[in-house]
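Hi everyone, thanks for coming. Let me put the chain up on the screen, and then we can walk through it together.

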Amino acid sequence: MSINYGKKCEERFKIDWLKSFPDSTITKLYDNTSGYLSISNISDYICYNYPNQYFIECKSHKGASIPFDKITQYKKMKNVVGKKGVRVGIILWLYEKDVIYYIPVSTITQMKKDGEKSVGIRSIKDGYNIIEIPTTKLKVFSVGDYTVLSNLGE
């Protein structure tokens, strides 16, 4: 039986978010079933941890980076970037590399302007605003500590 890394990433994120922020809220926005290209939700989750609201899309990928065309919610997410108290980003689990990153949508916008085609490990070395989530490795999955997201700027 193969592992659906995307669904496992979402499940693990929810557990770890609530462990990281016990007094927060997290709401899963369920994907509609009408097809991949007609995505209606802005993100996988809407989270709240005083004083910030987070729109979080969870992505898992096999290699060292994920192509931007795999981040299908980008256009909807960028519409809420810059609103006071709102944080918009991607949780990227590179499961072969055992790393989890938080990538603000504003960083993806800058990377696209710079001609980049994907985001991943090299992007951090290139100086882009990407936050590595502290993790503890389990057998297959990693447990993330998302408290680093409470220090994000606008």
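A definition to start with: the expected span of a helix is 1.5 Å times one less than its number of residues. Helices (H or I, at least four residues) and strands (E, at least two) are DSSP runs, numbered from the N terminus. Please keep in mind that this is a predicted model, where local features need pLDDT of at least 70, side-chain atom pairs count only at pLDDT 80 or more, and totals for chains, interfaces and linings use all residues. Residues are numbered from 1 along each chain as its sequence is written, and side-chain values use heavy atoms, with hydrogens and water left out.

The chain has 4 helices and 10 strands, running α-β-β-β-β-α-β-β-α-β-α-β-β-β along the sequence.

Now helix 1, residues 5-20. With 16 residues at 1.5 Å each, helix 1 should span 22 Å, and its end C-alpha atoms lie 21 Å apart, which agrees. Which residues of helix 1 are buried? They are C9, E10, F13, D16, W17 and S20, where buried means under 20% relative accessible area with a 1.4 Å probe, counting protein chains only. These residues sit on the same side of helix 1, because they cover an arc of only 140° around the axis, taking directions from the helix axis to the C-beta atoms. Among the elements they pack against are strand 1 and strand 2 (45-49); contact here means heavy atoms within 4.5 Å.

That brings us to K28, in strand 1 (residues 25-28). K28 is buried, at 16% relative accessible area. Beyond its neighbours within four places in sequence, K28 touches E10, D44 and Y45.

Technical notes. Buried < 20%, exposed > 50% of the residue type's maximum accessible area, 1.4 Å probe, protein only.
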